Amino acid sequence: MADKNSKMSELSGVSKAAILLITLGPERSANVFKHLKDDEIEQLTLEIANIRSVSQALKDEILDEFYEVCLAQQYIAEGGIGYAKELLEKALGSDKAFDVIGKLTASLQVRPFEFLRKTDASQLLNFIQDEHPQTIALILSYLSTNQSSQIIAALSPDKQADVAKRIAQMDRTSPDVIKEVETVLERKLASLVNQDYTIAGGVDAIVDILNTVDRGTEKHIMETLEIDEPELADEIRRKMFVFEDILTLDDRSIQRVLREVENSDLAVALKNSGEEVQNAIFNNLSKRLAQMIKEDMEFMGPVRLKDVEEAQQKIVNIIRKLEDSGEIVISRGGGDEIVV
């Protein structure tokens, strides 16, 4: 319980948050509550209910601290811990900057390997390519998709699929393991790792990387995984190009795809798709055929979601087959190399 004689140093984080919400007023606090979990809302509501009075001076102190922490988080996001310390020292002085950064690293999650995210991929490759595949997988799981795709493409062929498999199968990593790896790579960040288990890797992570990497690297990794881990390869392939990604194809490619698609499958596939996807399809059909598909969609009535997904997957499989044969090109985030 806080009163007008309470000091900042004596207040818990929950008490400070409660006083901040009181200071912000009911309308702004209600907007904050929308982003909190139920147990956090209950805890804060109870704390607010137990607060009798708060001095204006204490409110001002808490607002100042909140502003400083927000400022520090912004600087960290822009350029990392070192950058944040430098700017905060200029804005707040050395002692205050040290105090704010200390609060952040003690109570907020700072993403592991942050210093590596600012490093050029080619330099980083030289730095980590001789590490154990599990170590490489852990690092790539925390890097940006562009960095990870460039690095995995430049690894030796025997390591590519191994690293990809390890990323896909990674779930939760102990903070002690992360700390040990960071100590080897960058001693400065070893003490900043949050002590909660952090989630990294997984199928979605390797899908993002494979969607960005060049086609040759992707094909090699997938062919190897199909032999070593067929179920994992199937799961990855299903997620690599979803039906809505048809929007990334040019009109000529869409027209080529549609020549291979049964009208009945197309009508079912479009039943649960957005207006943008439907327009992309209809604009690449003759007016007569587009009208016929629309009528089929209208008169078929409710369709099971499973049937829609199966019809969409058929079309996705056609797209991937046409890409494999070189008849269409799927645009990739990192850009495919063009040979002139």
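Q: Let's start with Ser253: buried or exposed?
A: Ser253 counts as buried because its relative accessibility is 6%. Buried means under 20% relative accessible area, exposed over 50%, and partly exposed in between, with a 1.4 Å probe and protein chains only.

Q: Before going on, what kind of model is this, and how are things counted?
A: This is a predicted model, in which local features need pLDDT of at least 70, side-chain atom pairs count only at pLDDT 80 or more, and totals for chains, interfaces and linings use all residues. Residues are numbered from 1 along each chain as its sequence is written, and side-chain values use heavy atoms, with hydrogens and water left out.

Q: OK, where is Ser253, and what does it touch?
A: Ser253 is in helix H14, residues 251-258. Helices (H or I, at least four residues) and strands (E, at least two) are DSSP runs, numbered from the N terminus. Leaving aside residues up to four places away in sequence, Ser253 touches Ile328 and Val329; contact means heavy atoms within 4.5 Å.

Q: Which other residues of H14 are buried?
A: Besides Ser253, the buried residues of H14 are Ile254, Arg256, Val257 and Leu258. The buried residues of H14 pack against H15, H16 and helix H18 (305-324).

Q: New topic. How many salt bridges are there?
A: A search of the whole structure finds 7. A salt bridge is a side-chain nitrogen of Lys or Arg within 4 Å of a carboxyl oxygen of Asp or Glu.

Q: Why would such side chains pair at all?
A: Side chains of opposite charge can pair when their charged atoms come close.

Q: What does Glu65 pair with?
A: Glu65 meets Lys16 in a salt bridge, 3.2 Å from N to O. Glu65 lies in helix H4 (residues 56-92) and Lys16 in helix H1 (residues 13-24), so the pair ties together parts that are 49 residues apart in sequence. Both Glu65 and Lys16 are buried.

Q: What about Lys314 and Asp265?
A: Their side chains also meet in a salt bridge, at 3.5 Å from N to O. Lys314 belongs to helix H18 and Asp265 to helix H15, so this pair links parts 49 residues apart in sequence. Lys314 is partly exposed, with a relative accessible area of 46%, whereas Asp265 is buried, at 17%.

Q: And Glu323, which residue does it bridge to?
A: Glu323 forms a salt bridge with Arg320, the closest N and O atoms being 3.4 Å apart. Both lie in helix H18, 3 residues apart, about one turn of the helix. Salt bridges that share partners also join Arg256, Glu260 and Glu327 into one network.

Q: Last one: what's the overall picture?
A: The protein has 18 helices and 2 strands. Of its 340 residues, 41% count as buried.
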